[in-house]
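Morning, everyone. One structure today, and I'll start with the ligand site. Please have the viewer open.

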Amino acid sequence: MLEKIKATSSFIKEKSNFNPDIGIILGTGLGGLVKEIEIVKSIPYKDIPNFPVTTVQGHTGRMIFGKLGNKKILAMQGRFHFYEGYSMQEVTFSVRVMKLLGINHLIVSNASGGLNPDYRVGDIVVLKDHINMFPEHPLRGANMAELGPRFPDMSRVYDERLRNKARVVASEHNINLKEGVYVGVSGPTFETPAEYIMFRNFGADLVGMSTVPEVIVARQMDMKVFGISIVTDSGVPGQIVEVSHEEVQQVAIKAEPKMTLVLKELIKSM
Ligand code: HPA
């Protein structure tokens, strides 16, 4: 595994000749940020050795190198979800590669169901913590000691300084930014009403099918992490309506300008 990660990062270093400082994983319908990037180079996933290829609708797979808010970034357009059938090693592979490329800051975005009754569809929420409910752990198996410890600390997963900056940026632009706990589940089913209630009782504000595996791996390697989510549907009893992937994407696209602005300004201030 380590050899594969090293081979892939060497390939990318050679191809891109670019040393990004910040890695970004763009989630569902959050392609808006791409338009803000001064693209220097992009590499389709299919041309990257050892890289899986994205299959889900609405996710194009490529690695983008460029400048955003005067910072050198690497953006992953399209992520690998556990529900697609990828192993946890595949889901988190790109984060390992980022670290070997010298990236120490990871920004992740996603779409989620809102569990907190104060949230509305279309709200954007900064992650302050998470609950891992994936049926398999991304760090299970032989530990790559070169990359991080066997038993990583998870007491401060989402960087407090970045969260504070995001709050300042949002208030400067009159954007209502919330903070919450994200529970990561396998999917691909959306939750039953009973499951939404269960996750709320667990202490979560949001539920989604991504992010947690990548973030765990990033924290094992001591990367600073910032996570942000768009509430695309409600899991609050009495407000639950039928939900589809298309609706999730439509809401995400509508909230895109707000999200893009927060991320752009946050990156500028980093
Ligand atoms: N549940 C799980 N994942 C999601 C949801 C949801 O309600 N909305 C968007 N992603």
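The ligand takes up the space of the largest pocket. Pocket here means an open set of points on a 1 Å grid over the protein atoms alone, with protein on both sides within 12 Å along at least five of seven lines. A molecule sits in a pocket if more than half of its atoms lie within 2 Å of its grid points.

Some ground rules. This is a predicted model, where local features need pLDDT of at least 70, side-chain atom pairs count only at pLDDT 80 or more, and totals for chains, interfaces and linings use all residues. Numbering runs from 1 along each chain as its sequence is written, and side-chain values use heavy atoms, with hydrogens and water left out.

Now the shell. Which elements give two or more residues to the shell around the ligand? Strands S5 (105–114), S8 (206–208) and S9 (224–234). S5 gives the largest share, 3 residues. Helices (H or I, at least four residues) and strands (E, at least two) are DSSP runs, numbered from the N terminus.

By name, the residues around the ligand include Ala111, Ser112, Phe190, Glu191, Met209 and Asp233. Being near means a heavy atom within 4 Å. The shell divides into 5 nonpolar, 4 polar and 2 charged residues. In that scheme Asp, Glu, Lys and Arg are charged, Tyr counts as nonpolar and Gly as polar.

Polar contacts next: pairs of N or O atoms within 3.5 Å. An N or O atom in the Tyr196 side chain is 2.7 Å from a ligand oxygen. A polar backbone atom of Ala111 is 3.4 Å from a ligand nitrogen. Thr232 has a polar side-chain atom 3.4 Å from a nitrogen of the ligand. On its own, the ligand has 260 Å² of accessible area, and the protein covers 96% of that. The areas are Shrake-Rupley, with a 1.4 Å probe.

Zooming out. The chain has 7 helices and 9 strands. Its radius of gyration is 17 Å, close to the 18 Å from the globule rule for 270 residues, so the chain is as compact as a globular protein of that length. That radius is over C-alpha atoms; the rule is 2.2 Å times the number of residues to the power 0.38.

Last, a backbone detail. The Gly187 to Pro188 peptide bond is cis, omega near 5°. Pro188 is in the loop between strand S7 (177–184) and helix H5 (193–202).

Technical notes: Polar contact = N/O pair within 3.5 Å; in protein donor to acceptor, adjacent residues only side chain to side chain. 1 Å grid on protein atoms, 1.4 Å probe; cavity = no way out; pocket = protein on both sides within 12 Å on 5 of 7 lines; lining within 4 Å.
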